[in-house]
Amino acid sequence: MGEEEEEEETTVKVSSNQEEEAWNLRKQTQIVELSERLMNGDLKTQIEAARDIRKLVRKSSAKTRTKLAAAGVIQPLIFMLLSPNFDARHASLLALLNLAVRNERNKVKIVTAGAVPPLVELLKLQNGSLRELAAASILTLSAAEPNKPIIAASGAAPLLVQILSSGSVQGKVDAVTVLHNLSSCAENTHPIVDGKAVSPLINLLKECKKYSKFAEKATALLEILSNSEEGQIAITDSDGGILTLVETVEDGSLVSTEHAVGALLSLCQSCKEKYRELILKEGAIPGLLRLTVEGTSKAQDRARTLLDLLRDTPQEKRLSSSVLERIVYNIATRVDGSDKAAETAKRLLQDMVQRSMELSMNSIQHRAASCTPSKIPSK
């Protein structure tokens, strides 16, 4: 009986292997046929083949994507991007996008084969669907490190900035993500974006949740822009620019607060006389105080430095944030001993932050109540 069961199990394995081999053979035959249709078919046949590639890839593994690339489908798909025919461009965009997803080797192959220039040309189109598909394709390709310098040098960035102002919600998300990907490229000799990006980035940051991944990327770009005079002026001139950064310091994630305080610090360090009052007017102090306790180590350092810059007392009379923390720590040590000093000091600082925020809010409410109707801005 045991031998019969063993023979039956062996038969099942052989049958399963045969089915898998037959399936792989059918798929390989399909790949070869698709490649043949793309390379030698007329335009209608090529469009149908590109659509079939998308369907096949969406239901398959990364191995199928690699086999399709090895079969030579990438180059004819790139040639289709140059066609004046809308359907040819649309089908090839979707096929290339799906070939690149979750396949680093294909991402690099597509860029090496020359996809970036025609994709940049598509970004210039008035047709929203093709333009945003091109942006989505560039987004996917920009995730591969070797592709970043090529895309950064292609002239795509100013066109992506235009999408920040006029694209769909998804188009704007894709554009910000591409610009963020490119900004991390070590080979960039110049900033990937200029002052024209500030206003749309500020507007997008106003509308999104300050703790979202999108906000993290937007604030990272704004921090880069805050290091140039053009960017600093653009942040100040943007409607609610500094206020939006202050709100991000208050409500953002650990990452977005770090970038937002970095941008504010760059402003103040560039010209304290010019930016100090602008930052204070937007009520930055409570959020900065909280950040000295709850932020990342870099954010805490930046918040302390900015708080010191925002104080109006002379340097020699100033009680710096680090000195204040040492005083609180010494008090905590005397109260609860060295073992619990760190925890007690943190709690005392948090209480101080909370009290400072309450006093700031009371002061704002008092000023608002004392204003006559003629003094309250109409807008």
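## Thr-244 and its surroundings

Apart from neighbours within four places in sequence, Thr-244 is in contact with Ile-202, Leu-205, Lys-206 and Lys-210. The structure described here is a predicted model. Thr-244 belongs to helix H15, which spans residues 241-251.

The relative accessibility of Thr-244 is 2%. Because buried means under 20% relative accessible area, Thr-244 counts as buried.

## The nonpolar core

The largest nonpolar core comprises 96 residues, and Ile-53 and Leu-77 have the most contacts inside it. Helix H5, covering residues 86-100, gives the most to this core, contributing 9 residues.

For Leu-77, the contacts beyond four places in sequence are with Leu-38, Ala-50, Ile-53, Ser-92, Ala-95, Leu-96 and Leu-99.

Side chains of opposite charge can pair when their charged atoms come close. The structure holds 12 salt bridges, and three of these are described below.

Lys-107 forms a salt bridge with Glu-104, with 3.2 Å between the closest N and O atoms. Both residues lie in helix H6 (residues 104-112), and because they are 3 residues apart there, about one helical turn separates Lys-107 from Glu-104. The two partners fall into separate accessibility classes: Lys-107 is buried, with a relative accessible area of 4%, whereas Glu-104 is partly exposed at 45% relative accessibility.

Glu-277 and Arg-276 meet through their side chains in a salt bridge with an N to O distance of 2.5 Å. Arg-276 is buried, as its relative accessible area is 11%. Glu-277, in turn, is partly exposed, with a relative accessible area of 49%. Buried means under 20% and exposed over 50%, so the value of 49% leaves Glu-277 in the partly exposed class.

How values were computed. Residues are numbered from 1 along each chain as its sequence is written. This is a predicted model: local features need pLDDT of at least 70, side-chain atom pairs count only at pLDDT 80 or more; totals for chains, interfaces and linings use all residues. Side-chain values use heavy atoms; hydrogens and water are left out. A nonpolar core is a set of buried Ala, Val, Leu, Ile, Met, Phe, Trp, Tyr and Cys residues joined through side-chain atoms within 4.5 Å. Buried means under 20% relative accessible area, exposed over 50%, partly exposed in between (1.4 Å probe, protein chains only). Helices (H or I, at least four residues) and strands (E, at least two) are DSSP runs, numbered from the N terminus. Contact means heavy atoms within 4.5 Å. A salt bridge is a side-chain nitrogen of Lys or Arg within 4 Å of a carboxyl oxygen of Asp or Glu.
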